[in-house]
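Dear colleague,

Please find the structure below, together with its sequence.

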Amino acid sequence: MEKRLTTTAMLFSVGFVFMLVCTVGAFFYGIQIGKDKTEEKYAVADEGSALAAAAATPYQQQDLVSFYHTVFLPYREFQNEWFAAMNKLSQGKTNEATSMFKDLASLADDKAKEASSVDMQRSPLLGQSQISYIRSLKLFNEASLKAATSAKTLTTTELKKNVEQEKTYLSASQFALNAQQAYYSAMLKWAATVDTDIPSEYSSAAMLELNQWKSLSITVKNKLMSDQLMTRKKLTTYYPQDLTSRVDEFVVSGQASKMKLHTLSSVVDLLINTEAVRSGDFLASMSTLYQKPLLPQLPFFSVETN
């Protein structure tokens, strides 16, 4: 009898210990599972927060690049053709001005449709720029049709003068300059998210001193040059950065001091009035004037893509 009780007691003890081990193991296993699920939950939440934060930032590099290819480039392609046509008129090299302007009208219409193919409204300044470029192209379409009609009765010299003074063309140019300024302002917004020392907005004093100009970042300078071109209602074949580089060359070379020019506007006036700025000036001087400039990766800022 005692032997059976001892064996029973032993089995009971072993069973009890086994159940206790299983219970403790299940407890800690449950804790680990709960911990893993909690960590996973917060990891997903953190990832979602990061994505939400990125989506809430309207001026990312990808936005600027997308705008360049889908809105800016179609406009620029038209503008290049427009300036080429006006150059032919100034040289009296075209006897088919009517068909030339009809082709420009058709091209402006096509490019306006291209520029409308995406929605850039998530980024306010890019949305504003897009609307202005589209409006500019539509007005260029109207200006081209009017020029095609005028070409039937005017000489090339008279036609060029007539086109440049016509209200529709002037409005088209103004919208293009507004669009350009908004695009370069968006680039400044982007730069401010990358480098906190760069302001997201910058408006210069009416008479900005060259000493102040020299201390500004390249993105601020480019934005100011888009301001200068808009103020002067100057639609150009060159980019704002080309004007930036010419101003910097003029200052660094000491020419500004020799000519006793102390303000940014006085230098810009001189360079524009003497036609001293060319498309490609920025790329030609980038390696000597700017060491690792903070610029978005856009084709017109890269020597490799030009």
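**Helix packing**

Helix H2 (residues 61–90) packs against helix H5 (residues 156–165) at an angle of about 140 degrees, and their axes are 8 Å apart. Helices here are DSSP runs of H or I with at least four residues, numbered from the N terminus; axes are lines fitted to C-alpha atoms over the stretch in contact, with angles running from 0 to 180 degrees between N-to-C directions. H2 and H5 are therefore oblique to each other, given that angles under 35 degrees count as roughly parallel, over 145 as roughly antiparallel, 65 to 115 as roughly perpendicular and the rest as oblique.

This is a predicted model, in which local features need pLDDT of at least 70 and side-chain atom pairs pLDDT 80 or more, while totals for chains, interfaces and linings use all residues. Residues are numbered from 1 along each chain as its sequence is written, and side-chain values use heavy atoms, without hydrogens and water.

From H2, Trp82, Met86, Leu89 and Ser90 meet Thr156, Leu159, Lys160, Val163 and Glu164 of H5 (contact means heavy atoms within 4.5 Å).

Helix H4 (residues 124–150) and helix H6 (residues 167–194) pack at about 160 degrees, with their axes 8 Å apart. That makes H4 roughly antiparallel to H6.

H6 itself has 28 residues and spans 41 Å from its first C-alpha to its last, close to the 40 Å expected at 1.5 Å a residue (1.5 Å times one less than the number of residues).

Yours sincerely

Definitions and conventions. Helices (H or I, at least four residues) and strands (E, at least two) are DSSP runs, numbered from the N terminus.
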